[in-house]
Amino acid sequence: MAQVPCTHCKLEFDESVMIKEEESGKTLYFCCKGCEGVYHLLNAKDLDGFYEQLGNNKLEPVKLDANDDLERFDLEGFKKKFVKTTKDGFSEINLIIEGIHCSACVWLNEKVLHQTDGVIEATINYSNNKAKVIWDEDEIKLSKIIETIRAIGYNAYPYDPAIQEEKAVKLRNEYYSRILVAVFATMNIMWIAIALYSGYFTGMQQSKKNILHFAEFVLATPTLFYSGSIFFRGAYYGLKNKFINMDVLVSAGATLAYIYSVYAMITKQGEVYFDSVTMIITFVLVGKYLEILSKKKAADTLDKIASSSPTEALVVEGDNKVLKSIEIIEEGEIIELKPGEKVAIDGVLTKGKASFDLSILTGESEPILKTVGDEIVSGSMVIDSVIEYKTTKRENNSLLHNITELLSDAITKKPHIEQLANQVSGYFSVTILLIAIATFLGWYFIVGAGFEKALIVSISVIVIACPCALGLATPMATLIGISKAAKEGILFKEASKIETMAKTTLLALDKTGTITVGKPIVVNYKEYRDYDKNLLYSLVKSSNHPISKGVKNYLLEHFDLKELELQEHKELQAKGVKASYENSNLLGGNLELLKHNSINFEYSCDNSLYIFAIDGEVVALFELSDIVKPKAKEFIKSVKKLGIKVVMLTGDRAEVANKIAKEVGIEQVEANLLPQDKASLIDSYHEKGEIVVMVGDGINDSIALAKSDIAIAMGSGADIAVEVSDVVLLNNSLESLKDSFVIAKNVFKSIKQNLSLSLLYNVIAVPLAVMGYVTPLVAALAMSLSSLSVVANSFRIRKS
Amino acid sequence: MSDNIIILMLGISTFLGALGLWALLWGLKSGQFNDQSKFLDTARYDSEEDYKDAVMMEQKKKDAIKRKKEKEKNYMPND
């Protein structure tokens, strides 16, 4: 059978499955009811011009969504969060329109909104599908507007134009206008300057020169005072804080040249340097603008994570369901989620089962199936069915919120090397000013070159030596590094941690849960005499240790059990658990625990042991073995290749530890450690001058983690990781641990390259300028090129 | 070439250039260049209809503001 295109969406399907319709002698085909509905609607509204514009583009078939969530758009909480009031008293909202494929879609949406009564303004950005709608609240409700958009086959949801983005866009536009003015003036001044230069050689009447000088003056003035006002502002704040920065140098250079030129123009003596003034401003401005652009790119990465947070959730209260703003939802409330909805608050699944998409958090595209009792983290998305879950946190403690906070913090906290660079550039600026003054005095008094020549040479020195590149070197590289890492699910809590990470010399790994999967399974079971399995079950159930869990799982698989009420329950760190039940003392743990309680028992094997004793008599023994994580061996190998020593720290017995260490290729193993031993080991590494990254599970390694230079928690849930780690690995994999080392090293390498690049540039350029080989114009160009090379070098991190 | 002619030529050309610059800045400020692809499409699909549309929107806005003002004027607290 022939394939025919759907009249609305243009996708081709088999003729037999299409909805056929006759209209004024033509046969129309529709792939679904949705497309049919939209087609007729567009015809009725006289908007069939849409299909002309559509051309060869194809659309998605129209989904007929239920419109039962519309009332939420008119809720007070929603309005408070998203709707702004314009100065004319209208309401304004930012929406993201889903389903836009081509310019025709933009046209159609705008057209339909324009025809809707009460809509005052509707503009849709084609590149990012964001729309701004202004409407009159007295005439139309927002829900009606959303309904209109849905009726033509698209969907709209609100977004909070995150402050980061709005600011960045505003800043960008401000720079645009300034650059436009500067470029316009520079271009025109260059024409006039060419006339002046040729006049200089061929002889030009003073009266004509005066006219040209005046024209240059007219063009240079707005450039200096409008385009250049950014530098004046920067210089003012710098000086106010007793800090000489690059803005001081730029504005000093440009202003000096300007004042001298005005003087030359009025007295009709000497040359004018208005062309240098505009050039300096233009080049430096463009360099600064490039910096802004890359900052915006980093902000975009942040917004991608933040915008995935929903604003309301459907709370189940008895038989009723209420839509509540997520800020007011308390712990312990039940929330219903439909397919496609995102989780805003952490919790535990209570009803149903569904696949979850965790890709925003981990970058992993494989969905994960969760059933009743499983933990649900904010930021994940339900894919296939309706579920209910109970919140265990409030929104402001939930994972997604923490991650967003963390990322914006990371950008503001500066690494040491940047503080250093800023300090250096401060001293540097002062030095350059002094050199410039010395140059002026030298040329004027010693060489006897005259006021004009001396001034121009010293201006060149000031301009060429701008420490832009110096100031840019670190922030550019860290910013790009942080955003690249965030994309791969690695969050650096502070930019300074990148530096520490890059300098790491020793990596201390916990065994359980880091190198191994952390879920030991029973491989051997010995029963010395018959005993009540329920006692053992109750004992292991009370402990969260992976070994206890392994035994518990084994018991559950093999016996019918019920829980008993135990007394005097006590957990002994790194040994086991102690409790009593109706006059009998129960002990469950390793050999160490037995020794501690003076029970004589010998047993030797290279697996982990769990021994159960009742009243001092060993009744059962379990041998457990953990599986090494896949790719652990490759990971150790590649970390070693980076020049980092690897040590394994574990509370487990030496036999077990050595077996695992051999398997993955670690030579240095410290076994039988109590948590405090691990911490003191870290201290001893510090004494040897090592910079230590500790990877542990975040719960019983917490002291060691706190002592290390960089703590990374792995394998114990994302919320603990966010809390204790300096570097958060959202997908918990050894690979991303390796990646974080690689990224940190790359960033640091690039920072060092940037710094030496700018240093080298100054070492060459400044002496040339002092000797008078460089005109202010060339100086401005050279300076911009040095900033550009630093920016370009930093962008190489993205590629690596 | 007399000085006056140079003044005239320089003055007029700079003025015209400045006019163009002003238009560009205005366009930038009113957000006309925020969306690159749409900006180009406007040129591609330029039609009388779009013009009418823009006029209609402007009229709508004016009306809405007028209505709002009237409402404020006629506002009486119910006592």
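Trainee: What makes Tyr260(A) buried or exposed?

Mentor: Its relative accessible area is 8%. Buried means under 20%, exposed over 50% and partly exposed in between, with a 1.4 Å probe and protein chains only, so Tyr260(A) is buried. This is a predicted model in which local features need pLDDT of at least 70, side-chain atom pairs count only at pLDDT 80 or more, and totals for chains, interfaces and linings use all residues. Residues are numbered from 1 along each chain as its sequence is written, chains are lettered from A and ligands numbered from 1 in the order written, and side-chain values use heavy atoms, without hydrogens and water.

Trainee: Why does Tyr273(A) count as buried?

Mentor: Tyr273(A) has 18% relative accessibility, under the 20% limit, so it is buried.

Trainee: How many aromatic pairs are there over all chains?

Mentor: The count is 24. Tyr260(A) and Tyr273(A) form one of them, at 6.3 Å centre to centre with 40° between the planes.

Trainee: Why is that pair called tilted?

Mentor: Rings of Phe, Tyr and Trp (its six-membered ring) pair if their centres lie within 6.5 Å; planes under 30 degrees apart are stacked, over 60 edge-to-face, and the rest tilted. The values 6.3 Å and 40° therefore give a tilted pair.

Trainee: What puts Arg178(A) over the face of Tyr226(A)?

Mentor: A charge sits over a ring if NZ of Lys or CZ of Arg is within 6 Å of the ring centre and within 35 degrees of the ring normal. Arg178(A) lies over the face of Tyr226(A) at 5.0 Å from the ring centre, and Lys370(A) over that of Phe356(A) at 5.8 Å.
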